[in-house]
Amino acid sequence: MTKQESIKIQAEPRKSGKHWSRSLRNERKIPAIIYGPHIENLNISVTEVEAQKYSSSNFDNSIFTLQSADKNIDGIKVLKKDIVVHPASHRPLHIDFYAIDMTSVVRVYVKLKFTGKALGMTEGGILQEIRHDVEVECLPGEIPPYFEVDITELNLGDVLHVSDMKIPPNIKVITGLNEAIVTVAEPQEEEPTPVAAAP
């Protein structure tokens, strides 16, 4: 589990309104907005190439540093909060960026990465991933890309809870510690098919 490095992306100021948004998309640019508790909302655009490159969930907790000729935008650090994509083409249509203060904690969901093969699976057990992420609170620079969860020692019927995870002391877990994250379920026995009585 390593910290994520800041990613630099180009941004330009834009005018608001559907007409201007359509014009931007025709130029292969994607309208976006920056918001946050210590900043006035800023309408910007980013290139479609970068919007598509960073649209996957792998970059949900990445810190982006905006680069721009506009001094009101240049240097702002943001998290990607929401991205709207076209249902058919999957082309990005709009992005919401959340402006962060690197000295103030943020609340985010961090993915779980299960590693190893559970002992119970060799006995026919079925691995059931109950949670795929946990909510945490930490400084932006301390957000991990994922939490690694070793399932090797899980036997049939065993359950791992949030409290069993190895969380660095600088990260506060918001998700309930008693919540289950993964289990190895007992294999279900097939019930015999009833035989129809002879007429």
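# Lys80 and its surroundings

The backbone oxygen of Ser55 lies 3.2 Å from a polar atom of the side chain of Lys80. The backbone oxygen of Tyr54 also has a polar atom of the Lys80 side chain 2.9 Å away. Both pairs are polar contacts (N or O atoms within 3.5 Å; within protein, one able to donate a hydrogen and the other to accept it; residues adjacent in sequence count only through side-chain atoms on both sides).

This is a predicted model, in which local features need pLDDT of at least 70 and side-chain atom pairs pLDDT 80 or more, while totals for chains, interfaces and linings use all residues. Residues are numbered from 1 along each chain as its sequence is written, and side-chain values use heavy atoms, without hydrogens and water.

## Where Lys80 sits

Is Lys80 buried or exposed? Lys80 is buried, because its relative accessible area is 7% and buried means under 20% with a 1.4 Å probe, protein chains only. You will find Lys80 in strand E6, which covers residues 77-85. Strands (E, at least two residues) and helices (H or I, at least four) are DSSP runs numbered from the N terminus.

Who surrounds this lysine? Setting aside neighbours within four places in sequence, Lys80 is in contact (heavy atoms within 4.5 Å) with Tyr54, Ser55, Ser56, Phe59, Asp60, Phe64, Ile95, Asp96 and Phe97.

Lys80, Tyr54, Ser55, Phe64, Ile95 and Phe97 are among the residues that line the largest cavity, and so are Ile9 and Val46. A cavity is a set of points on a 1 Å grid over the protein atoms alone where a 1.4 Å probe fits but cannot get out; lining residues have an atom within 4 Å of a point. The volume of the largest cavity is about 80 Å³, and the count comes to one cavity of 30 Å³ or more. Helix H2 (48-53), E6 and E7 each give two or more residues to its lining.

## The strands

E6 belongs to an open sheet of seven strands with mixed pairing, in the order E1-E5-E6-E7-E3-E4-E2. At its edges are strand E1 (7-10) and strand E2 (12-13), each pairing on one side only. Strands pair if DSSP finds at least two bridges between them.

| Strand pair | Bridges | Sense |
|---|---|---|
| E3 (residues 29-36) and E7 (residues 92-99) | four | parallel |
| E9 (residues 126-129) and E14 | four | antiparallel |
| E12 (residues 159-161) and E14 | three | antiparallel |

Strand E14 (residues 180-185) has five of its six residues buried, so E14 is largely enclosed by the rest of the structure.

## Two nonpolar cores

A nonpolar core is a set of buried Ala, Val, Leu, Ile, Met, Phe, Trp, Tyr and Cys residues joined through side-chain atoms within 4.5 Å. The largest one holds 24 residues, and those touching the most other members are Leu112, Phe147, Val149, Ile151, Met165 and Ile181. At least two residues of this core come from each of strand E8 (106-115), strand E10 (133-138), strand E11 (147-150) and E14. E8 gives the most, with five residues. There is also a second, separate core of 18 residues, including Ile7, Ile44, Ile76 and Val78.

Technical notes
Buried < 20%, exposed > 50% of the residue type's maximum accessible area, 1.4 Å probe, protein only. 1 Å grid on protein atoms, 1.4 Å probe; cavity = no way out; pocket = protein on both sides within 12 Å on 5 of 7 lines; lining within 4 Å. Points joined across faces, edges and corners; volume = space filled by probe spheres on them.
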